[in-house]
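Visitor: Please walk me through this model. Start with the terms, then the fold.

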Amino acid sequence: MIIGDIKPKKEKKSRRSKHVVDEKVPLLPKRQEEDAGYDEFNGASFTGAVFNLSTTIVGAGIMALPATMKVLGLVPGIAMIIFMAFLTDASIEFLLRFSRAGKTTSYGSLMGDAFGKYGRIFLQICVLVNNIGVLIVYMIIIGDVLSGTSSSGVHHAGVLEGWFGEHWWNGRTFVLIVTTLGIFSPLACFKRIDSLRFTSALSVALAVVFLVITVGIAIVKLISGTIMMPRLLPDVTDLTSFWKLFTVVPVLVTAYICHYNVHSIDNELEDSTQIRPVVRTALALCSTVYIMTSFFGFLLFGDATLDDVLANFDADLGIPYSSLLNDTVRVSYTAHLMLVFPIVFFPLRLNMDGLLFPSARPLSRSNTRFAFITAGLIAIIFLGANYIPSIWDAFQFTGATAAVCLGFIFPAAITLRDHHFIATKKDKILALFMIVLAVFSNLVAIYSDAYALFKKNSGAGPRA
């Protein structure tokens with residue numbers, strides 16, 4: 001077993017050992033060959049890396065994609081999903097190429113190589129803002145689905161309440177405490193991202209369960225003649241409907257954000273040359289899931305498709321066993337988010353450690369630091385999801401901004417900076433396009449969220 005792995009490990013170690021830039025600051029600490037805890041680890045497999053990266057990509061955003069089809073129509077909508085997959089692949093290629101040139105092994109050290117200490121710190125802050133916001137939203141969604149919500153003024157029963165009635169043990173706070181202690185905390189204690197490959201595979205499988213149920217229901221209703229083929233092109237009748245087309249840009253731009261985990265996965269691969277095939281396979285897998293979910297979700301619900309298609313599964317679907325199928329979709333999606341949680345948490349913890357202790361030894365070799373940072377971050381996420389009013393509104397602004405910075409603005413800025421003189425003219429033109437698209441997406445997202453928040457608050461005034 002060991003003999004077969006000697007050559008890949010030596011090659012990987014040789015490439016990594018030349019790292020001289022900011023080597024104490026991890027997005028993932030360098031593999032410590034002398035660390036006893038890693039002696040039996042011979043590198044992550046291709047399949048495990050694909051599942052981990054796919055799980056990073058497919059989070060809660062998948063539920064917003066059918067609504068983009070309602071705005072854009074099927075042809076432009078699907079074309080945009082494919083286009084963003086290619087653009088994401090290009091931005092990740094920028095990161096990997098400049099990481100190889102600078103002998104850096106993390107996103108943070110790559111930003112440090114290009115822009116110095118403040119570039120690294122800015123990157124780490126963006127990861128913190130983005131990932132804490134994402135994880136809080138995940139926890140809010142899990143609580144809403146399992147225990148219900150009354151945030152809109154009308155109580156929507158959760159799955160557990162629907163099954164067993166209202167009890168103290170299926171209340172929101174208790175359910176989230178059990179979920180945090182029983183699922184999130186144990187999965188957050190792994191020191192290698194490859195240790196999450198099986199839960200990542202299950203997470204992708206649960207997303208496919210949602211897709212299969214949606215496809216099945218749509219086909220049954222299509223055969224029975226109760227639904228019509230959806231619009232292929234957008235319905236633009238006036239200036240308002242034209243501007244509405246741009247409101248879906250932030251959803252599509254952030255659909256494939258996974259850049260903060262690419263280096264983590266690359267560092268653990270048995271053969272580091274596989275990272276490009278891993279990225280492309282994961283993007284192809286996620287694109288397929290996105291396209292099918294968007295197509296069949298819009299086919300099923302048509303113009304009644306809500307911004308979060310999961311909410312459409314809260315009513316009678318007009319077919320036998322509708323209630324059972326609704327509950328299956330909601331529970332499988334909730335379980336999917338629970339298993340996405342540790343994958344998003346992994347780079348969050350490493351960047352928090354890099355921000356607080358930039359000169360310390362790797363986090364994986366300090367159990368005390370590892371435990372305190374893990375417990376502190378989980379506590380912040382739990383408190384944010386349960387006790388901070390309107391925190392979702394706040395992260396609608398900061399989350400969109402941080403996500404596009406991580407996915408497009410930073411890779412493009414590194415390319416334009418071209419610290420190692422390896423960028424071509426084509427690379428720089430593409431980088432400029434990424435920045436323009438990202439800034440436009442940010443402006444649209446901020447305007448849309450501010451308008452929606454203002455409208456909600458002004459509408460709530462007279463009722464009070």
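Guide: Helices (H or I, at least four residues) and strands (E, at least two) are DSSP runs, numbered from the N terminus. This is a predicted model: local features need pLDDT of at least 70, side-chain atom pairs count only at pLDDT 80 or more, and totals for chains, interfaces and linings use all residues. Residues are numbered from 1 along each chain as its sequence is written, and side-chain values use heavy atoms, without hydrogens and water.

Visitor: How many helices and strands does the protein chain have?

Guide: Both counts follow from the DSSP runs. The protein chain has zero strands and 16 helices.

Visitor: What is the mean pLDDT of the protein chain?

Guide: pLDDT is the predictor's confidence in each residue, from 0 to 100. In the protein chain, 85% of residues reach 70 or more, and the mean is 83. Over residues 1-39, however, the pLDDT is below 50.

Visitor: Is Trp168 buried or exposed?

Guide: Trp168 sits in the loop between helix 6 and helix 7. Buried means under 20% relative accessible area, exposed over 50%, partly exposed in between (1.4 Å probe, protein chains only). Trp168 has 66% relative accessibility, so it counts as exposed.

Visitor: Which elements give two or more residues to the nonpolar patch?

Guide: The patch on the surface consists of Trp163, Phe164, Trp168, Trp169, Phe174, Val178 and Val331, with about 740 Å² of accessible area together. The elements asked for are helix 6 (159-164) and helix 7 (172-188).

Conventions. Patch = residues over 30% accessible without salt bridge, like charges linked within 9 Å, V, L, I, M, F, W, Y side chains within 5 Å. Areas by Shrake-Rupley, 256 points an atom, 1.4 Å probe, with all protein chains shown as cover. Salt bridge = Lys/Arg side-chain N within 4 Å of Asp/Glu carboxyl O. Contact = heavy atoms within 4.5 Å.
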